[in-house]
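Trainee: Before I rely on the labels attached to this protein, I would like to go through them one by one and hear what each of them rests on.

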Amino acid sequence: MKAIRVKVMLEQKHGYWYLASYPKSGNTWCRVFITELLRLAGEGYAEELNLNNDIETGAIASSRLWLDDQLGVNSCDLSFSELDPLRGLAGQTAWLFAEGERFHKVHDAFKSPDSRNRSVVCTAGCLGAVYIMRHPEDVAVSLSNFFSWPLERSVQFLHDPTAALVPSERVGGHQVRQHMGRWDQHVCSWVDQQQLPVLIIRYEDMLCNGSTTFAKLADFLGLPVEQVLVDQAIANTSIDKLKQLEEKVGGFAETPEGCNRFFRSGRSGEGAEQLSIPQRQQLAAEMADVMKRFGYEGVEKDV
């Protein structure tokens, strides 16, 4: 089994991948699955995954420390319009991040209003991107719980063409501003771009058709595709299992202040249950085309 892992890492030596998504769409679940699949392929079944020590698929693409190092600037001194055009240049003269870390989380839209029509992520040496998508109604509920927002604020966030994480122009921190825009704009920015190959996976298919969906993910990323390993990794990283692991380590390190737990319900359909009809209509009003394109039902105005 160790030979499989060595082979995989050698194949990835000259390239990396992006795991892109709107926040709260299943990105962390994908990262945990990748970690567990590699652990099973290379180390066997002896030890249990540790959420806070073992999730090392790669740094987020908005890492301020890495960008400052690559660009030779203090990004805290730059405005969005100054920094975003530079971000896609980072890594063009050096391999992205540390060798062995090859699957990098991204919440940015592929381009920002300030990037001068350039990608805000480096594409040099990138082998492709996985875009993880989730029904916007369920994203709204998950955002509400994650950030301790009222549901109305979450709905407005998904609908906001200026929506961003770390939105302050002059505040430092571990990450730079990540422009996302409206949910449908974010989706199209990644799935319709022509610079990188992209695999689209839906959160709902990860839940209901996990064996096939995660096997496609593994194949696209050049990971071990033996079905017995894929299925075991799925079983070891189910939402119920992740809740247990989070409790065991006393809380997941990526959980924001005020949020009780990172891995909450993981269900589909909570948006339809918890959002009001006007809130659901608001989400569908401008996003109907993209929602229908990817098989998501919404509430029409005449309901």
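Mentor: What follows sets several labels of this model against their definitions.

Mentor: This is a predicted model, in which local features need pLDDT of at least 70 and side-chain atom pairs count only at pLDDT 80 or more, whereas totals for chains, interfaces and linings use all residues. Residues are numbered from 1 along each chain as its sequence is written, and side-chain values use heavy atoms, with hydrogens and water left out.

Trainee: How do you know how much confidence the predictor has in the protein, and over which residues does pLDDT stay under 50?

Mentor: The score to look at is pLDDT, the predictor's confidence in each residue on a scale from 0 to 100. The protein averages 82, and 76% of the residues score at least 70. Over residues 1-10 the score stays under 50, and there the model has 17 contacts (heavy atoms within 4.5 Å) beyond four places in sequence. Where pLDDT is low, the predicted coordinates should not be read in detail.

Trainee: What makes β1 and β2 paired strands?

Mentor: Strands are DSSP runs of E with at least two residues, and helices are runs of H or I with at least four, both numbered from the N terminus. Two strands pair if DSSP finds at least two bridges between them. Strand β1, residues 16-21, has four bridges to β2 and runs parallel to it, so the pair meets the definition. Among the bridge partners in β2 are K105 for L19 and F103 for W17. Six bridges join β1 to β3, again in parallel, and A20 has Y131 of β3 as its partner.

Trainee: Which strands are called edge strands, and in what order does the sheet run?

Mentor: The open sheet has four strands in the order β2-β1-β3-β6, with parallel pairing. Its edge strands are β2 (103-106) and β6 (198-202), each of which pairs on one side only. Neighbouring strands are turned by 20° against each other on average, direction ignored, where axes are lines fitted to C-alpha atoms (for helices over the stretch in contact) and angles run from 0 to 180 degrees between N-to-C directions.

Trainee: Which helices lie across β1, and at what angles do they run?

Mentor: Helix α8 (residues 183-191) lies across β1, β2, β3 and β6, running at about 150° to β3. Helix α10 (residues 210-220) lies across β1, β3 and β6, at about 160° to β6.

Trainee: Why is β1 described as largely enclosed?

Mentor: A residue is buried under 20% relative accessible area, exposed over 50% and partly exposed in between, with a 1.4 Å probe and protein chains only. Six of the six residues of β1 are buried, so the strand is largely enclosed by the rest of the structure. In a regular strand the side chains alternate between the two faces of the sheet. Here both faces are covered, with Y16, Y18 and A20 buried on one side and W17, L19 and S21 buried on the other.

Trainee: What makes a group of residues a nonpolar core, and which members of the largest one touch the most others?

Mentor: Such a core is a set of buried Ala, Val, Leu, Ile, Met, Phe, Trp, Tyr and Cys residues joined through side-chain atoms within 4.5 Å. The largest one has 37 residues, of which Y18, Y22, W183 and W190 touch the most other members. Its largest share, five residues, comes from α14. A second, separate core of 30 residues includes A41, I132, A215 and L223.

Trainee: How do you know that the buried residues of α11 line one face?

Mentor: In helix α11 (residues 227-236), L229, V230, A233, I234 and N236 are buried. Seen down the axis they fall within an arc of 165°, so they line one face of the helix; the arc is that of the directions from the helix axis to the C-beta atoms.
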